[in-house]
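Here is my note on the chain, in numbered points. Please keep the structure open while you read.

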Amino acid sequence: MATIRFIREGIDVQCQPGENLRDLVIKEKLQLYGLKGILGNCGGAGQCSTCFVSVEGGNNNSLSPLTVVEEEKLKNRPENWRLACQTLVKSSSVILTKPQSPPSNIDELRESNNNKKLPR
Ligand code: FES
């Protein structure tokens with residue numbers, strides 16, 4: 001089992017390695033999309049660039065490598081951003097949903113996360 005910590009929502013979710021991150025977020029009924037993605041998204045086909053998440057912790061191998069689609073779609077985005085629909089969980093990781101509109105207390109959330117050990 002792997003644990004994905006969603007720092008915006010303040011929850012840890014268990015999942016199986018190999019699970020798609022977008023599917024996990026939706027299964028847990030968390031909000032993945034901003035307004036643009038709510039109004040219209042590609043359903044996980046890697047075409048709309050609305051399922052951004054940022055990777056806030058875990059090791060370098062916690063998630064699958066960037067896909068070719070992500071390399072194209074994330075060209076001008078921060079290095080720790082991923083497209084959830086293109087990302088598979090490999091081991092425990094820390095994720096911020098909707099990094100394009102971070103919560104006002106994002107620094108607090110990051111600090112709090114840094115003080116909590118991530119289960120392996
Ligand atoms: S859902 Fe469209 S790019 Fe991920």
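This is a predicted model: local features need pLDDT of at least 70, side-chain atom pairs count only at pLDDT 80 or more; totals for chains, interfaces and linings use all residues.

1. Terms for the sheet. Two strands pair if DSSP finds at least two bridges between them. Helices (H or I, at least four residues) and strands (E, at least two) are DSSP runs, numbered from the N terminus. With that in hand, arginine 5 has valine 94 in strand 5 as its bridge partner.

2. Residues are numbered from 1 along each chain as its sequence is written.

3. Overall layout. The chain holds four helices and five strands. Along the sequence they follow the pattern β-β-α-α-β-α-β-β-α. The radius of gyration (taken over C-alpha atoms) is 13 Å. The C-alpha trace spans about 35 × 30 × 25 Å along its principal axes.

4. Burial and contacts. A residue is buried if 20 or more other C-beta atoms lie within 10 Å of its own, exposed if 12 or fewer, and partly exposed in between; C-beta atoms are placed from the backbone. By this count, 32% of the 120 residues are buried. Two residues are in contact if their C-beta atoms, placed from the backbone, lie within 7 Å. Take the contacts between residues at least 6 apart in sequence: 70% of them join residues at least 24 apart.

5. In what order do the five strands of the open sheet lie? The order is 2-1-5-3-4, and the pairing is mixed. Strand 2 (11–15) and strand 4 (81–83) stand at the edges. Each has a single partner strand, so one side of each lacks a neighbour in the sheet. Neighbouring strands are turned by 35° against each other on average, direction ignored. The axes behind this value are lines fitted to C-alpha atoms, for helices over the stretch in contact, and angles run from 0 to 180 degrees between N-to-C directions.

6. Strand 1. Strand 1 pairs with strand 5 in the parallel sense over three bridges. Isoleucine 4 has serine 93 as its bridge partner in strand 5. Strand 1 also pairs with strand 2, in the antiparallel sense, over five bridges. There, threonine 3 stands opposite glutamine 14. The hairpin of these two strands has four residues between them, and glycine 10 takes a positive phi near 70°. Four of the five residues of strand 1 are buried, so the strand is largely enclosed by the rest of the structure.

7. Strand 3. Strand 3 runs antiparallel to strand 4, joined by three bridges. Valine 53 has arginine 82 as its bridge partner in strand 4. Strand 3 and strand 5 also pair in the antiparallel sense, over five bridges. Serine 54 stands opposite leucine 96 in strand 5. Six of the seven residues of strand 3 are buried, so this strand too is largely enclosed by the rest of the structure.

8. The core. A nonpolar core is a set of buried Ala, Val, Leu, Ile, Met, Phe, Trp, Tyr and Cys residues joined through C-beta atoms within 7 Å. Which members of the largest one touch the most other members? Of its 21 residues, they are Ile4, Leu21, Cys51, Val53, Ala84, Val89 and Ile95. Strand 1 (2–6), helix 1 (21–27), strand 3 (52–58) and strand 5 (93–97) are the elements that give two or more residues to this core. Leaving out residues up to four places away in sequence, valine 89 touches Ala2, Ile4, Cys15, Pro17, Gly18, Glu19, Leu21, Leu24 and Leu63.

9. Cysteine 85. Cysteine 85 is in the loop between strand 4 and strand 5. Is cysteine 85 buried or exposed? Cysteine 85 counts as buried, with 27 C-beta neighbours inside 10 Å. Beyond its neighbours within four places in sequence, cysteine 85 is in contact with Asn20, Arg22, Gly44, Gly46 and Cys51. Its C-alpha atom is separated by 7.4 Å from that of aspartate 23, 62 residues apart along the chain.

10. Glutamate 71. Glutamate 71 lies in helix 3 (residues 68–73). Glutamate 71 is exposed, with 11 other C-beta atoms within 10 Å. Glutamate 71 and aspartate 23 are 48 residues apart in sequence and 21 Å apart in space, C-alpha to C-alpha.

Key:
The radius of gyration is taken over C-alpha atoms; the globule rule is 2.2 Å times the number of residues to the power 0.38.
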